[in-house]
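Here are my notes for you, written as numbered points. Keep the viewer open while you read and look up each residue as it comes along.

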Amino acid sequence: ETCNGPIEFDCLSCNSGNYLTENGECVEECISSTFPNQDDFCQNCDTTCETCSAGTSSDCLTCTNGRYLHNEECLLSCPSGYFG
């Protein structure tokens, strides 16, 4: 890990197996609403997703309140033929 200061939030990169957060902290797992990208950085999910596998609106695993998950997308209402 490389750092630019003495505290735990001064990280610029992390040891293998850890991920860098927006605030410069190295963590073992990214928090909800973020996902580990190819650069080992915890990147934000799309705003419609509560949890995701990547950063687009079609990569949702779970949805924010008031949305329905359908084919990895979080929709405001269920498609025709579906109900939630």
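1. Let's begin with a question: which residues does L75 touch, not counting residues up to four places away in sequence? Bear in mind that this is a predicted model. The partners of L75 are G66, R67, Y68 and H70. You'll find L75 itself in strand β10. With a relative accessible area of 24%, L75 is partly exposed, because the buried class takes in only values under 20%. Now look for C30, 45 residues away from L75 along the chain: the two C-alpha atoms are separated by 24 Å.

2. Now zoom out to the whole chain. It has 10 strands and 0 helices, so going from the N terminus you simply read β-β-β-β-β-β-β-β-β-β. The radius of gyration is 16 Å, while the globule rule gives 12 Å for 84 residues, so the chain is more spread out than a compact globule. Turn the model along its principal axes and the C-alpha atoms fill a box of roughly 55 × 20 × 15 Å.

3. Some totals go with that picture. Of the 84 residues, 26% count as buried. The accessible surface of the chain is about 5700 Å², and carbon and sulfur atoms hold 47% of that. Take the contacts in the chain with a separation of 6 or more: residues 24 or more positions apart account for 2% of them.

4. What makes up the largest nonpolar core? Its 7 residues are F35, C45, C49, C52, C60, C63 and C74. Strands β7 (49-52) and β8 (60-63) are the elements that give two or more residues to this core. As background, nonpolar side chains tend to be buried together in soluble globular proteins.

5. Leave aside its neighbours within four places in sequence, and C60 is in contact with T48, C49, T51, C52, L69, E72 and C74.

6. Next, T21: is it buried or exposed? At 15% relative accessibility, T21 counts as buried, since the limit for that class is under 20%. T21 is found in a loop, the one between β3 (19-20) and β4 (26-27). Beyond residues up to four places away in sequence, T21 touches V27, F41 and C42.

7. The loop between β5 (34-36) and β6 (42-44) deserves a look too, as D40 lies there. Most residues other than glycine have a negative phi. D40 counts as partly exposed, at 39% relative accessibility. Q38 also has its place in the loop between β5 and β6, and with a relative accessible area of 71% Q38 is exposed. From Q38 to N23 you count 15 residues in sequence and 18 Å in space, C-alpha to C-alpha.

8. Last stop: N71, in the loop between β9 (68-70) and β10 (73-75). N71 has a positive phi, near 50°, and is a residue other than glycine. At 64% relative accessibility, N71 counts as exposed, because that class holds values over 50%.

Methods
Residues numbered from 1 in each chain as written. Predicted model: local features only at pLDDT ≥ 70, side-chain atom pairs only at ≥ 80, totals over all residues. Heavy atoms only, no water. Helix = DSSP H or I, 4+ residues; strand = E, 2+ residues; numbered from the N terminus. Buried < 20%, exposed > 50% of the residue type's maximum accessible area, 1.4 Å probe, protein only. Contact = heavy atoms within 4.5 Å. Core = buried A, V, L, I, M, F, W, Y, C linked by side-chain atoms within 4.5 Å. Rg over C-alpha atoms; globule rule 2.2 N^0.38 Å. Areas by Shrake-Rupley, 256 points an atom, 1.4 Å probe, with all protein chains shown as cover.
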